[in-house]
Amino acid sequence: MEKKTYSLWNHIRYFMGYFHKYEGYMIYPVAILYIVCSVLNSFLGMAFASAAVKWLTLEKAGKALTIILGYVLLLQVVEMGESLGMEKIYGKFFLYRASFSREFAKHCLTMDYQAMESVEGQKKQEAARRNIWSGNEDGMEPVLRNIPILLKNVIGLVLYGTLVGSQNIYLLVYLFVTALVMCFLTGKNAKRHTRILEEENKKWKKYSYLCEEITNVKNEKDIHMYHASDWFINSMKKLQGEIMYFVHKARIGYFGVDICQLLFAGIRDGVAYGYFILQMMHGNITLPELLLYLGVVAGFSGWMEQIFESIRTMMENKPIMDNYRDFIEFGMEDTTGKTGKIASGSKHEIRLEHVSFTYPGKEEPSIDDVSLTISPQEKIALVGMNGAGKSTLIKLICGLYQPQKGKIYMDGVDVTTIPKEHYFEEFSVVFQEVFSFAFSLADNVTCQVPEEQEKDRMITCLKQAGLMERVERMPKGLETVLGKELSRKGVLLSGGEMQKLMLARALYRNAPIVILDEPTAALDPIAESRMYEKYYSFTKDKMSIFISHRLSSTRFCDRILFLQDGRIVEEGSHESLMKQQGAYAEMFQVQAHYYQEEEVLA
Amino acid sequence: MRKIKEKWKTSFSYHEYGIACLKIAWRLDRSVLPVGMLLSIAGVLQIYLGLFLSSEIIDTLLREQYQKGMVLAGILVGTNFLLGIGRARLAMAQKERNVKLSLSFKQMLREKVLKLDYESMEDAKKWENLQIMNCVPDSREICQR
């Protein structure tokens, strides 16, 4: 899918929507007050200075003094209005960024898993993340900040332009033509910057990865043992050089634009001075008028420069905003036509009809024409060599992946028509990668906010999972924070304890379908066998699908499916498969022989 | 009195941090501070020369020496142009150096991490510091300025 880009105007409209949403109609009078006061602030200085010079040249110091005093008073009022408007408008930009951050997090949590997991999704997320986490000077905040600035400058430009035009229309035409040329150049340069940024982002991604990996304590054992420090530092240095190359390349473009802007400004000022001095020489204008008009031309230049600066800042940040909005609109679940209904929490039948799935960029399918029916309360085991397609099949059944060919049905309803959040509720899944969040143990088990947690149910589940004893020994019991990421007093769980935690989470979910994707891979055979006994007892009246490398662990299943190259090549109970003397039996015997040898050695 | 003392203490500690940061910046890249100072000087110089030449032009025009006024106006425009180019070049150099400095700072911290022995890395306090280290804002922030 191609990256979406938006015009600057589109971004401005997008942000105006935010302004309106959070501030209501009151933002408009405040913005008008700020803009009027800002323009007046600039004009008053020139007008009063010109008037003061007029009275001074006429040697009427008293009048000049009155004018200066009047100016000071009026300036205070105008500056107060400007500050008030500024505080009301700018003071909240941080909060807007926080709300964007919330939107980003929500999208990450709710977007389609397959899209999120894809290389494209990962790239988009990484690019969008910069918009949120890169501070006040990067991404949306400068764009937001520059919207009122741009409005103010445009109004100032129109006012000053009228004054310049009243004196010499050609001068005004020149000013506008240079403005247009500069706009064109700025736009061209922004496009060039976007292209550079694309390349630069790739380097940043690698660089961030290296930075994080170096400080990851989990890697330190290997880094120390293999003396990988030099390799890491050299890689960082190399990437730094590459990043600096792109930074320099981008900056050269902006320097070029600056030179053009200075050149046009020089010509404009030269012409203005020449014209107005000639006018004075011919007696058409007085010195105070000359000062006023020169001030207006300079002011006009100032407004234009600020407009360019605003546009430039916005254009610089446009690619980052593009990335953000591209990600926010990427991988959204299409809810149209999702009218399929299933009885929530009841027993289900799952049927796969000629399902095939190929990972993006791969030619060989990971799941190839699989047809399968799993009845309610049936216990299924998926076994096979590494890369046979077991985990992919699980992800398809769970609804995390969508098959490219074939259909999956739950109780006869096509799962693509069932809203994802309803479908997911029917599964308790324990995946291969066991991990805890750096929140409280209670949060980890329930995955709910404290107000919704059922404490008694949680304790029952922890007891059933065999973790309650350990929890009772923890300093804060159920409220103990797991991991050290957010709390120095956080508790680290061992591999076995983590498995139990995952089991407790699955039990708490109490869904009618239980899926266990090699959750015991890190355990020794005896601990694994005990864990499976527990799983078996808790899933008696539920449909359950087990994946395990150790074939002995899944002997209790009603049906064992042996997968090879994405296809089910053998199917049946343990006994029937052993009788077949096929691939399953061979694998089982090899494993049995290995464990017997281990036993003898022990 | 105690409040004033505390305020002084806080203010002093801010300056202490500031000076420590400047020292690090100086150690990592000796050109960052001079470039920043040159940029500031160029900015002030442009303002000062602008004011000086403008007042000269007004005086000249009051004396009705229009040709001299024209010459002075030319000098003003030329000075603004040249100083503007100088400032733009310095600003470019400063922005690049800021990014480089930020990258060098990150590298310096990580070189330190890699020199730590494994045992002290497992220490809870160190662990926390390492997590914080990854929260240091991206250099992109400076790059975009």
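Modeller: Chain B has six helices and zero strands. Here helices are DSSP runs of H or I with at least four residues, strands are E runs of at least two, and both are numbered from the N terminus.

Biologist: Where does all this come from, and how are things labelled?

Modeller: This is a predicted model, where local features need pLDDT of at least 70 and side-chain atom pairs count only at pLDDT 80 or more, while totals for chains, interfaces and linings use all residues. Residues are numbered from 1 along each chain as its sequence is written, with chains lettered from A and ligands numbered from 1 in the order in which they are written.

Biologist: What is the order of elements in chain B?

Modeller: From the N terminus on, it reads α-α-α-α-α-α. Of the 145 residues in chain B, 18% are buried. Among chain B contacts with a separation of 6 or more, 72% join residues 24 or more positions apart.

Biologist: Over in chain A, why are α1(A) and α7(A) called roughly perpendicular?

Modeller: Helix α1 (residues 8–23) and helix α7 (residues 140–167) of chain A have axes that come within 10 Å and cross at roughly 90°. Axes are lines fitted to C-alpha atoms, for helices over the stretch in contact, and angles run from 0 to 180 degrees between N-to-C directions. Under 35 degrees is roughly parallel, over 145 roughly antiparallel, 65 to 115 roughly perpendicular, and the rest oblique. That is why α1(A) and α7(A) count as roughly perpendicular.

Biologist: Which residues of α1(A) and α7(A) meet?

Modeller: A:His11, A:Ile12 and A:Phe15 in α1(A) meet A:Val143, A:Leu144 and A:Ile147 in α7(A). Contact means C-beta atoms, placed from the backbone, within 7 Å. By class, the residues of this contact are five nonpolar, one polar and no charged. (Nonpolar is Ala, Val, Leu, Ile, Met, Phe, Trp, Tyr, Cys and Pro; charged is Asp, Glu, Lys and Arg; the others, Gly among them, are polar.)

Biologist: And what makes α4(A) oblique to α7(A)?

Modeller: The axes of helix α4 (residues 93–110) of chain A and α7(A) come within 10 Å and cross at roughly 135°. So α4(A) is oblique to α7(A). A:Phe93, A:Tyr96, A:Arg97 and A:Phe100 in α4(A) meet A:Met140, A:Glu141, A:Leu144 and A:Arg145 in α7(A). That contact has five nonpolar, no polar and three charged residues.

Biologist: What pairs with β4(A)?

Modeller: Strand β4 (residues 405–410) of chain A is joined to β1(A) by five bridges, antiparallel, with A:Ile350 partnered by A:Met410. Two bridges also join β4(A) to strand β5 (residues 413–414) of chain A, again antiparallel, and A:Met410 stands opposite A:Val413 there. β4(A) and β5(A) form a hairpin with two residues between them, and A:Asp411 in the turn has a positive phi of about 50°.

Biologist: Why remark on a positive phi?

Modeller: Because most residues other than glycine have a negative phi. A:His354, in strand β1 (residues 350–357) of chain A, has phi near 45°.

Biologist: Why is A:His354 called exposed, but A:Gln377 partly exposed?

Modeller: Count other C-beta atoms, placed from the backbone, within 10 Å: 20 or more is buried, 12 or fewer exposed, in between partly exposed. A:His354 has 12, so A:His354 is exposed. A:Gln377 has 14, so A:Gln377 is partly exposed. A:Gln377 sits in the loop between β2 (367–374) and β3 (379–384) of chain A, with a positive phi of about 70°.

Key. Contact = placed C-beta atoms within 7 Å. Pairing = 2+ DSSP bridges.
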